[in-house]
Amino acid sequence: MSNHQHHEHDHHTHESKHEEHSFKNVEDYVARFDAPDRDEWQKPDEVFDLIGLKRGDKIVDFGAGTGYFSVRASESVGKGIVYAIDSEPEMLNYLAKRTSAAELSNVEIILVEHDEIELPEPVDVILLVNVYHHINDRVAKFSRVKQWLRDGGKIVVIEARAGTPIEPPAHFLMTEEQVASEFAEAGYKLVSDSKILPYQSLQIFGAQ
């Protein structure tokens, strides 16, 4: 996966899993995903407030990458658990070192096959930031994901919008209408459709 220069702030890269890419030079991705100005437009604290993330919660950061959201969620959930899930070993190796250095004992790192969502236990929140468009067979997969949601659990989908500095290539662009339609087909209701993020849509879904 690679980012063109105007996509350098994106949480996840926007190249097909099947195109040539390498995560071996993780520092390049750290510079992009954890850029100093990202907090200004990604607004992680506001996102967690909107989700209602609280101490004791269990949250999945699916497609965790370098751990931008994982390390921040670690502080928010306290004695809860953050499951940082990704299919790229290099990313997870970096994240393991990052969480160890910061002594974040509540982050559990899980390597999965590409876009497979398998969890150790049901959770309160599943967070997907700029990663939903990379998942294949989304309706079928998220129909099965209900088993991993606790009562009142939420799936949070954040996707880059067109016409923004982090706009993805056209074949990865997901409109809010498309996301909502797929989740409805998978058996979810739209709980919130927020406009708090300047470059991204933010939709929260709950099981019907």
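Begin by selecting helices H4 and H5, where H4 passes H5 in a right-handed crossing, a crossing being right-handed if the near helix is turned clockwise from the far one by less than a right angle, and left-handed if anticlockwise. The model is a predicted one, in which local features need pLDDT of at least 70 and side-chain atom pairs count only at pLDDT 80 or more, while totals for chains, interfaces and linings use all residues. Residues are numbered from 1 along each chain as its sequence is written, and side-chain values use heavy atoms, with hydrogens and water left out.

Helices (H or I, at least four residues) and strands (E, at least two) are DSSP runs numbered from the N terminus. The axes of H4 (residues 68-77) and H5 come within 11 Å and cross at roughly 30°, where axes are lines fitted to C-alpha atoms, for helices over the stretch in contact, and angles run from 0 to 180 degrees between N-to-C directions. Show the side chains here: Tyr68, Ser70, Val71 and Arg72 of H4 meet Leu95, Arg98 and Thr99 of H5, contact meaning heavy atoms within 4.5 Å.

Next, select the strands of the open sheet, seven in number, which follow the order E3-E2-E1-E4-E5-E7-E6 with mixed pairing; two strands pair if DSSP finds at least two bridges between them. At the edges stand E3 (107-111) and E6, each with a single partner strand, so one side of each has no neighbour in the sheet. Within the sheet, E5 is joined by six bridges to E7 (residues 200-207), and the two run antiparallel; to find one of these places, select Val157, whose bridge partner in E7 is Gln203.

H5 (residues 89-101) packs on it, touching E2 (81-86) and E3, and its direction makes about 165° with that of E3. H6 also packs on the sheet, touching E4, E5 and E6, with a direction at about 150° to that of E5.

Staying with H6 (residues 138-145), colour Arg138, Lys141, Phe142 and Val145, which are buried, that is, under 20% relative accessible area, with exposed over 50% and partly exposed in between (1.4 Å probe, protein chains only). The buried residues of H6 pack against E4 (123-129), E5, H7 and E6 (188-194).

Where does Thr164 lie? Thr164 is in the loop between E5 (149-160) and H7 (176-185), and at 12% relative accessibility Thr164 counts as buried. Leaving aside residues up to four places away in sequence, Thr164 touches Pro198 and Tyr199.
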